[in-house]
Amino acid sequence: MKNKNFKSAISQQLKRRRNIALVVYTLIVFGTLGLSWSLSGFLIWQPEDFIYNILVKIKEYLFILLPVILLLGYVIIINFYWKKIAFALNEIIDSTKLLFNNDGKRIQLSNDLSDIEILFNSLKFEFERNQQVAQEAVRRKNDLIVYLAHDLKTPLTSVIGYLSLINDEDDLSEETRKKYTDVAFRKANRLEELINEFFEITRFNLASFELELSQVNFSLMIEQLLFEFEAVFAKKDLELKTYIQKDVMLSLDIDKMSRAIDNLLINAYNYSFENTKVIVSLVEEHGNIILSVKNKGNTIPQSKLDRIFEQFYRLDDSRASTTGKSGLGLAITKEIVELHDGNISAVSWDEQILFEIKFKK
């Protein structure tokens, strides 16, 4: 539609200029004739005067000469503007070849095509920006694959190593055999987590998030999710504090929103100091429904907060190798929240980390 608008604008502009030129030319011709006749009435002519003879001839053949003069001028003017249209089209066609040149240079067109120049440069800038984003996404994904491949290799090597010891050593004590079995079992669980991360990455890239909305008691839903996390938090002696306003109703997709909140709670678990509190609150105020998750952990610098919801971004690579997380959780949470017309934010100060989700009632 925009291209048609620009095409129409160019055509109208050139037509307007052509019509103005035709009108001006017509006025000049008739004005010249009128002025000549007016001047000739004030002067005394002699039959032998050259100009007088020309005027007589013009007057005699006026009905033939006038259409010829007008027609000739019209042809010249119309031909001139046809050439301008052809030149403009050639210039546009040539400039389209530069749209996909990732050279950082601006496309320059003639003054008549200033609107198209602005459009082409915006398209060229958008293309270059999208290329950079795509390249950055590919780079981060490749980095992630390298990280996960390395992380997969480590527990797999341990599992094979301990199982080999159990298989090869016949005189192992029951205590040592149990110890080796426990280590192999833990490493196998770790390996399963990492494989699940690969599935998560694939599912995130291929999934088309479509919501199945229903009116839900959001308060009860949050309380149920928190109950399921009590045993998880207990592993790090985390105390769960809740401030849940009763009967907060919200239209949402239960499965997807549960997944989004799970990711927030898992993040709070992974990045909380042991023996601290995780505070979860849900309130409805001023036409907004606000869910917040607050925990105590290392203060997150603003530079990392700005990227915390990016795909594959891991807050701490050294800890990611122990938590087994790929950096997709918060990116998925953000997408799900925004599909529900909400927004999510994160702030951190004095070893406090706060995530807040806000929905319009």
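Q: What makes the charged end of K236 count as sitting over the ring of Y269?
A: In this predicted model, the charged end of K236 is 5.1 Å from the centre of the Y269 ring. The cut-off for the distance is 6 Å, with the charge also within 35 degrees of the ring normal, and the contact is listed as a charge over the ring.

Q: Which aromatic cluster does Y269 belong to?
A: Y269 forms one cluster with F229 and F233.

Q: How many aromatic pairs does a search of the whole structure find?
A: The search finds 6.

Q: Why is the pair of F218 and F359 called edge-to-face?
A: The ring centres of F218 and F359 are 6.2 Å apart and the planes are at 80 degrees. Pairing requires centres within 6.5 Å, and planes over 60 degrees apart count as edge-to-face, so the label applies to F218 and F359.

Q: What makes this pair a tie between parts that are apart in sequence?
A: F218 lies in helix α6 (residues 218–234) and F359 in strand β7 (residues 352–360), so the parts tied together are 141 residues apart in sequence.

Q: How do you know whether F218 is buried or exposed?
A: Buried means under 20% relative accessible area. F218 has 0% and therefore counts as buried; F359, at 2%, is buried too.

Q: Why is the pair of F309 and F355 edge-to-face?
A: The centres are 6.1 Å apart and the planes are at 85 degrees, so F309 and F355 form an edge-to-face pair. F309 is in the loop between α8 and α9, and F355 is in strand β7, 46 residues apart. Both F309 and F355 are buried.

Terms used:
Residues numbered from 1 in each chain as written. Predicted model: local features only at pLDDT ≥ 70, side-chain atom pairs only at ≥ 80, totals over all residues. Heavy atoms only, no water. Phe/Tyr/Trp six-rings, centres within 6.5 Å; stacked < 30°, edge-to-face > 60°. Helix = DSSP H or I, 4+ residues; strand = E, 2+ residues; numbered from the N terminus. Buried < 20%, exposed > 50% of the residue type's maximum accessible area, 1.4 Å probe, protein only.
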